[in-house]
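Dear colleague,

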Amino acid sequence: MSSEMRTRGAAKWVSGFVAAIVMISVASDAVAQPHWPDYRGPNTQGHAPWADLPTTWSEDQNVTWKVAIPHRGWSSPVVHGNQIWMTTATRDGQDLFAICVDLKTGELLHNFKVFDHNEPDNVNTLNSHASPSPVIEEGRVYVHFGDYGTAAIDTASAEVVWERRDLNLTHFEGAGSSPILYEDMLIFHCDGTDVQYVVALNKHTGETVWKTDRSRDMAAIRMHRRKAYTTPVVWEIEGKPQLLSQGAEAMYSYDPHTGEELWRVIFSGYSTVPRPVIGDGALYISTGFDQASLLRIRLDGSRGDLTDTHIEWQLERSQIPHRPSFLLIDGLIYTVSDNGIGQAIEAETGEVIWRERFGGQYSASPIYDGQHIYFFSQEGDTIVFPPGREFNQVAHNQLDAGFMASPAVVDNTLILRTETHLYRIDP
């Protein structure tokens, strides 16, 4: 094991075995859906095993249609039926829009202002005023602009069903965490420099179901280190659902029905972006800025502060991503760092199996279609390769503008949002 890793806690597989079987079953059922309701897909993990996606494309190859998306926004597209939804905003952040594109034709079906804001905050140069991704289901799409507002939209009429503008916090450099749907609730993080909490709204009415403050004491922590951008995941562990929710300086689990905190793990890190990845009886997270570490946290029914007992290994390297999420495939974790270093890491031990330098900058999260992994750069490059213990690139594709949004997959089709356009890519 690398000298850059610290092993903490002896138990590894026995206590997590049952949980792993349950989680794999849940994920397998989820990915059978034909829609892309969440920015990381039906199973929230970036997997699309039903798909046989194209491996090569360009501006004039395998592009079924291409449509310009007005204004500026990094939210990832979500798809239900023949509708693709995303958000965008004017560059000054004063006007915030919902956009719907026809999946078959690329026609712009809806483009309307949801909110306006006379005094928008500044955002980080890597952020936008429309970075949180929507989440969609039959008949409804839910858009979220952080402190500026959250709304439910009827997908047939494009009318706003309800809105909330009173869940206030100071984002400091813009919002980034996306909402999720669980049962009859819309759940999202509110991790600002002033307050840090998680909230669940009734998806039908917008009314608050529960609201839970983060338990980590931030009083002595510098303001910029209180921020987080991660999107939560609900996962079944030992027969019970847990809301796995990463904030600044801590990873939390909550009861998704009540908001009760079940456990937490403390770490050093903030502005966390990569979404937690789950499998093999464990949870894998990046600790975020400044020096990111990759942690493997054992998942079981334990409660309370698990910092000293459940971190199974910690990989400390500069190549751990601050922004892109990662993939877990057949016992290997695949990551691409912000500055274009790809890695395959042994999930059980944290050993680095291979490392490749792609170049460029990366923010979008990768996907896996059951055959190939796809990494998308801010320069418009896509690196395509099969999973395995040796790196073997099969394609390198280029579009005119770069990727900040993560892709969507429908049947055997890729939906790609660059900084300027939306593409439909087909075999």
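Lys-66 is partly exposed, at 37% relative accessibility, where buried means under 20% relative accessible area, exposed over 50%, and partly exposed in between, with a 1.4 Å probe and protein chains only. Its partner in a salt bridge is Glu-59, with the closest N and O atoms 2.9 Å apart, and Glu-59 is also partly exposed, with a relative accessible area of 24%. A salt bridge here is a side-chain nitrogen of Lys or Arg within 4 Å of a carboxyl oxygen of Asp or Glu.

Please note that this is a predicted model, in which local features need pLDDT of at least 70 and side-chain atom pairs count only at pLDDT 80 or more, while totals for chains, interfaces and linings use all residues. Residues are numbered from 1 along each chain as its sequence is written, and side-chain values use heavy atoms, leaving out hydrogens and water.

A search of the whole structure finds 19 salt bridges. One of them joins Arg-214 to Asp-191, with 2.9 Å between the closest N and O atoms. Arg-214 counts as buried at 9% relative accessibility, and Asp-191 counts as buried at 3%.

Another salt bridge brings together the side chains of Asp-290 and Arg-225, at 3.5 Å from N to O. Asp-290 is exposed at 52% relative accessibility, whereas Arg-225 is buried, with a relative accessible area of 17%. Both residues belong to a network of salt bridges that also links Arg-216 and Glu-249.
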